[in-house]
Amino acid sequence: MELNRRTIIAGAAAAGLAATTLGGTAEATTGGRAPSKKLFGRLADGTKIYRWSLANGATRLKVLSYGGIVQSLEIPDRHGHYRNVSLGFDTIEEYVGKSPYFGALIGRYGNRIAKGQFTLDGKSYQLSVNDGVNSLHGGIKGFDKRVWDIEPFTKDSDVGLSLYCTSVDGEMGYPGTLKVKVTYTLTRRGDWRIDYEATTDKATVVNLTSHVYWNLAGEGSGSIYDHELKIAASRYTPVDPGLIPTGELAAVAGTPFDFRDARTIGRDIRVADRQLLHGRGIDHNWVLDKGITGKPEWIATLKDPAFGRTLKMATTEPGLQFYSGNFLDGTLVGTGGHIYRQGDALCLETQHFPDSPNHVSFPSTVLRPGQTYRSTTVHSFSA
C-alpha cells in the first residue's frame, strides 16, 4: 500500500571514518572517501537495491538506489561528535511499505496539483491522485519509488553520485518522455550539493526536489521545536483545507510564518491560526525574496542550539516548502530504534510553487522539447 505524509496521520572536525552511525568522534583525514556500495535489500520482484556510502569534508552520506533516498547523513556537533541528522529506516521493506518520503527524490512534480489536473497548450491532463483528490509528489508511483541507475564519480577534491531515470510518456498521467539526471556531490568543505537536470520530447510540467527530514540534534532525539530557523522570504502562499494554494501571495509580517529573523520553530506553532489548522502545523510554501536565480543564493538557515549544528541552504529555486513533521504519529520506528512522533523532524523542500500549472501568476513549471530543466540546491553544514 502506497502512503503519503497526510495519510500517515495518521568549527567542526574533518571527516572521521571510524565513528559509528549514531555517534563517535571525528578524526582528522585528508580528501574524500570514494563512493562504495553494498547490497541493502531486494524488492518483491527480486530487484537488488544498493546503498552507496561516501564522505568528504566533515559529512558522511548514505544513498539508496531506491528513490535516490538519503538513508543517512552524518555531521559532527561543536565537540566533533557525529550523529545522523536525517530520518529513515533500516530496511527496504519499510521504505516500500510505509515511508512518508523519507530522504527521497521527488518528481515528476514536487508538492500538490489540485485534483490531479492541469491544462497545457489547450489539452487537459488527468494525473494519478494519491492525496485525497489531489496529486502529491508525482502520484502513486513517483520518483521516490523508482529504482535509479547510479554512477559514482570523483572530480578534483569532490566525490559524488550521478543518478539517472527515464519516465515514459503517460506515466502517472504526465505527457512526454522525461529523462532525468540528479547529481549528489560532497565537496571538500563537506557541502552537499544537488543538481537536477531533465529533458523531454513533449511539452510537460516538471518540479523536482529532495525530501530529507532534518533533526540537527540527531534522528530520534525528539522534537525540533527548539531549532531556530531563518527564511529569506517576505511572502508565502496560503492554502485551502486540502493544502492547495489559493493563489494569494500573502505577507508573512504579523503571522506565525514570519521567519525573516531567526526564531524557534515551536514559538507560534500552536497559535490558533487558520493556516496552521489546515496543515496541522506548518506545511506551506515560502515565496523567496530572491526569486529564480541562475546560481544558488542563500535562502535559509537552520540551527540546533543544543549541539551547535547548523544547516545553511542556497538554491536557484523561487520557493521553499517548510513542513514541520505534522503527520508523524508514533507508528514509525527509525534507524536509531526510536519512534518518530509529531514534530520530530522538519523538511525544507526547494521548489517551484505548489499547483503552479494551475496558477498563471506563479512561476512556470513548463518544460518543452529542446529545453533543459536545471535546478541546484546546496546544503552547507557547520558547528
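Two strands count as paired if DSSP finds at least two bridges between them. Strands themselves are DSSP runs (E, at least two residues), numbered from the N terminus. This is a predicted model, in which local features need pLDDT of at least 70 and side-chain atom pairs count only at pLDDT 80 or more, while totals for chains, interfaces and linings use all residues. Residues are numbered from 1 along each chain as its sequence is written, and side-chain values use heavy atoms, without hydrogens and water.

**View 1. Pairing of strands E24 and E27.** Strand E24 (residues 319–323) runs antiparallel to E27, joined by 5 bridges. Gln-321 is placed opposite Glu-349 of E27.

**View 2. The open sheet containing E24 and E27.** Its 5 strands follow the order E19-E18-E21-E24-E27, with antiparallel pairing. Strand E19 (250–251) and E27 are the edges, each with a single partner strand, so one side of each has no neighbour in the sheet.

**View 3. The hairpin of E11 and E12.** Strand E11 (residues 149–155) and strand E12 (residues 158–167) are antiparallel and share 7 bridges. Pro-152 has Leu-161 in E12 as its bridge partner. The hairpin has 2 residues between its strands, and Asp-156 in the turn has a positive phi of about 55°.

**View 4. The second largest cavity.** A cavity is a set of points on a 1 Å grid over the protein atoms alone where a 1.4 Å probe fits but cannot get out; lining residues have an atom within 4 Å of a point. The lining comprises 13 residues, with Ile-194, Ser-210, Met-313, Leu-348 and His-379 nearest the centre. Strands E14 (192–200), E16 (209–211), E27 (347–351) and E29 (373–382) each give two or more residues to this lining.

Technical notes. Helices (H or I, at least four residues) and strands (E, at least two) are DSSP runs, numbered from the N terminus. On a 1 Å grid over the protein atoms alone, a cavity is a set of points where a 1.4 Å probe fits but cannot get out, and a pocket is an open set with protein on both sides within 12 Å along at least five of seven lines; lining residues have an atom within 4 Å of a point. Grid points are joined across faces, edges and corners, and a volume is the space filled by probe spheres set on the points.
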